[in-house]
Amino acid sequence: MEIEEPEPPPRQPKEPPKIRRLHDSVVNRIAAGEVIQRPVSAVKELVENSIDARSTAINVAVKDGGLKLIQVSDDGHGIRYEDLPILCERHTTSKLSTFEDLQSIKSMGFRGEALASMTYVAHVTVTTITNGQLHGYRVSYKDGAMEHEPKACAAVKGTQIMVENLFYNMVARRKTLQNSADDYSKIVDLLSRFAIHHIGLSFSCRKHGAARADVHTVATSSRLDAIKSVYGVSVAHNLLKVEAQDDDPSSSIFEMNGFISNSSYSAKKTTMVLFINDRLVECTALKRAMEVVYAATLPKASKPFIYMAITLPPEHVDVNVHPTKKEVSLLSQEVIIGKIQSVVESKLRNSNEARTFQEQTVEPSASCPITASPMVANKDRRHNPSSSGPKSQKVPVQKMVRTDSLDPAGRLHAYLQAKPLTDLENSNSLTAIRSSIRQRRNPKETADLSSIQELLDEIDSKCHSGLLDIVRHCTYVGMADDVCALLQHNTNLYLANVVNLSKELMYQQVLRRFAHFNGIKLSDPAPLPELITLALKEEDLDPECSENDDLKKKIAELNTNLLKQRAELLDEYFCVHVDEDGNLCWLPVILDQYTPDMDRLPEFVLCLGNDVDWEDEKNCLQGISAALGNFYAMHPPLLPNPSGDGLQFYKRSKHLSASDDGIDISVNGGNDSKMEDEIDHELMAEAQIAWSQREWSIQHVLFPSLRLFLKPPVSMAANGTFVQVASLEKLYKIFERC
Ligand code: ADP
Ligand code: MG
């Protein structure tokens, strides 16, 4: 519907273009193209509808990779006759009524958009029968509406939906898809994944008219059987069962169980089948974390096969972050990934040591004694000493050190006097941080820029394996000073430079999350010219000197214009959003649960303008990533640390402000007890919070993430990022002599 102005004002050259309302049919077709991206997305929606309809058997037939025909038949509860007229209208659903329902939604669907979308880009015919009816109904849909009254017809239990000539009205999409041969295999892959998770249902998928199905499973109670029938014996025989859970509200609440491939399995590509609260989703961070574990643990570099089902309280999962529901967003994602990673790792280590017995489904663990035959148990014990329990092992006393990097016992802060930190810890709680971060859907589906791949490859090729081992298996002991953390790795102690480490981690994560960032919205948009002027003043040796003010203004203006011109790139790839008036409004989430120190924002903006090479694609992306890395790094807060020499700062500042106010400071001079009162408590409290928050982030966000994601570059071995300070064996010898 277009609304015409009675008298359009005369057009001037720089007048903004007129905004008009798009016709509904255009809006719907655009939206449909987003929900149904390719044939496999239509199949996913249809199968999920069938699962939601409590079907026990779901059969899929496909012609011409899904472009000619997709047909999904189920034996579910069917669709009421009265609902047929609105079935394919947008936003009609039986699964959700209020927004709050989303918090606890168990069904796959909730948007009421899938069927509607299909009718805008294909011809859709529905045949359905509900329980107790003598006959069913068939009706065809176009552009959200019925093409004719439903016709009575013979039908078997459930619903059959036919989608014909997909993208018939989207020429470009149809052409690109026609040239790609792999749509059918994508559909087979999808059904395979559903089949090994929903093992109580039977699935089949075949090419239309073919006698043989490419996926065919029957309902079973054994997950392994399901995997065997879908992925074959060679996969099923090489799997280990894994389980992990946590129910500590201060860290994470989840349960995971699944199967992972062992050291005998070999494949060129990772297969990761992930269900979160029964939704088939993708999680790049978890997948990468798993690949890292496999690469580091198994001698032979094979990509893993992984099936995992994770359940979390529904209110911890945001299902509404992706148009095709392909991704979900989790509370405490990094913590959960960390826990899963360590479970998988120890499983692999154990199985690797006891390789000869991997076909036994014996799972030695402290809480579950070995139940296999005594012979196997004995052999197993011989090959895998850790399985008989660590206590029975004679460990030389000087080697008795904490080796579980996740065990908090013995960390420095445990010995420190209890500070009244409870409020702070609370304010640090994930929910508090989360609520300040709004999820934002990234506009770009994928960004396959080869320069990003090259930069990622460079990270891989420069990775130092020794440091990688330290980072992955170290225990964080505590902060030794403002920049260095004390780490324990086996029997060695290291000082590690937290600023360097976090800078590198952030840089690497920017490249990995490239074009897929969630956003942090600044509560007040920050004007770039002011930020840049501020940064230039900070750089000045004499900030009070105003002779260069005009020059600064000019630089600020130039840089602002430059960044405004590059706003689209910054927003699309890095979620750094600059609006038309030159205000910075959004920043990316680089590590979940972490927001950068906003005091460093001016420096960041100046660096974007001055230090980035905007001409060459690769240099430019690297430059921006490095600038972000530097901004998000865990630098010491700008306010000096009040617990130490920094205390002076807060005393002096009181004097200064006192003299500023014209009060004669000599009255109080030299009196120690009054000096105490002169501490600027407000400023000091602010500093205390900043420092404790940083320490909290270092322990709870930085180190878990370093373990997961950092590939330490070779340069870190020589540039002082890691310094070995002691070896416990040697220390022990020294103490022995005392
Ligand atoms: P959503 O799944 O988000 O509700 P859809 O457009 O996928 O939206 O489906 C709209 C509605 O149509 C569903 O809410 C459901 O009531 C009904 N429906 C769709 N497919 C089936 C099916 N196979 N069996 C029974 N009901 C169905
Ligand atoms: Mg649906």
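**Labels and the values behind them**

Modeller: Helix α19 spans residues 567–574, and its buried residues are Ala-567, Leu-570, Asp-571, Tyr-573 and Phe-574. This is a predicted model.

Colleague: What covers the buried residues of α19?

Modeller: The cover includes the helices α16 (498–513), α18 (549–565), α20 (601–611) and α21 (617–632). It also includes the strands β21 and β22. After α19 comes Cys-575, with a positive phi near 60°.

Colleague: How do you know that β20 and β22 pair, and in which sense?

Modeller: Two strands pair if there are at least two bridges between them. Strands β20 and β22 (residues 583–588) have five bridges, in the antiparallel sense.

Colleague: Why is Ala-485 called buried?

Modeller: Buried means under 20% relative accessible area. Ala-485 has 0%, so the label applies. Ala-485 is in strand β18 (residues 484–489).

Colleague: Which residues is Ala-485 in contact with, leaving aside neighbours within four places in sequence?

Modeller: Contact means heavy atoms within 4.5 Å. By that rule the partners of Ala-485 include Tyr-476, Met-479, Tyr-494, Leu-495, Val-498 and Phe-703. A separate value concerns Gln-699, which is 214 residues from Ala-485 along the chain; their C-alpha atoms are 9.6 Å apart.

Colleague: What makes Asp-183 buried?

Modeller: Asp-183 has a relative accessible area of 4%. The cut-off is under 20%, so Asp-183 is buried. Asp-183 belongs to helix α5 (residues 183–197).

Colleague: What makes the pair of Asp-183 and Arg-38 a polar contact?

Modeller: A polar contact needs N or O atoms within 3.5 Å, one able to donate a hydrogen and the other to accept it. The contact between the side chains of Asp-183 and Arg-38 is at 3.0 Å, so the distance meets the limit. Not counting residues up to four places away in sequence, Asp-183 also touches Pro-39, Val-40, Gly-65 and Leu-177.

Colleague: In which sense does β1 pair with β8, and in which with β2?

Modeller: Strand β1 (residues 57–63) pairs with β8 (residues 202–207) in the parallel sense, over six bridges. Within that pairing, Val-60 is the partner of Cys-205, and Ala-61 is the partner of Arg-206. Strands β1 and β2 (residues 69–74) run antiparallel and are joined by six bridges. There Val-62 stands opposite Ile-70. The hairpin of β1 and β2 has five residues between the strands, and Asp-64 takes a positive phi near 55°.

Colleague: How many bridges join β8 to β9?

Modeller: Three bridges join β8 to β9 (residues 215–217), and the strands run antiparallel. In β9, Thr-217 is the bridge partner of Phe-203. Three bridges are enough, because the rule asks for at least two.

Colleague: Which residues around ligand 1 are closest?

Modeller: Ligand 1 is surrounded by 20 residues, and the closest are Asn-49, Thr-93, Ser-94, Lys-95 and Gly-112. By class, the shell holds six nonpolar, ten polar and four charged residues.

Colleague: Which atoms of ligand 1 lie at polar distances from Lys-95, Ala-114 and Thr-159?

Modeller: An oxygen atom of ligand 1 lies 2.7 Å from an N or O atom in the Lys-95 side chain. An oxygen atom of ligand 1 is also 3.3 Å from a polar backbone atom of Ala-114. For Thr-159, a polar side-chain atom is 3.5 Å from a nitrogen atom of the ligand. The protein buries 93% of the 530 Å² that ligand 1 exposes when taken alone. The elements giving two or more residues to the shell are α2 (39–52) and α3 (114–121).

Methods:
Residues numbered from 1 in each chain as written. Chains lettered and ligands numbered in written order. Predicted model: local features only at pLDDT ≥ 70, side-chain atom pairs only at ≥ 80, totals over all residues. Heavy atoms only, no water. Helix = DSSP H or I, 4+ residues; strand = E, 2+ residues; numbered from the N terminus. Near = heavy atom within 4 Å. Areas by Shrake-Rupley, 256 points an atom, 1.4 Å probe, with all protein chains shown as cover. Nonpolar A, V, L, I, M, F, W, Y, C, P; charged D, E, K, R; others polar. Buried < 20%, exposed > 50% of the residue type's maximum accessible area, 1.4 Å probe, protein only.
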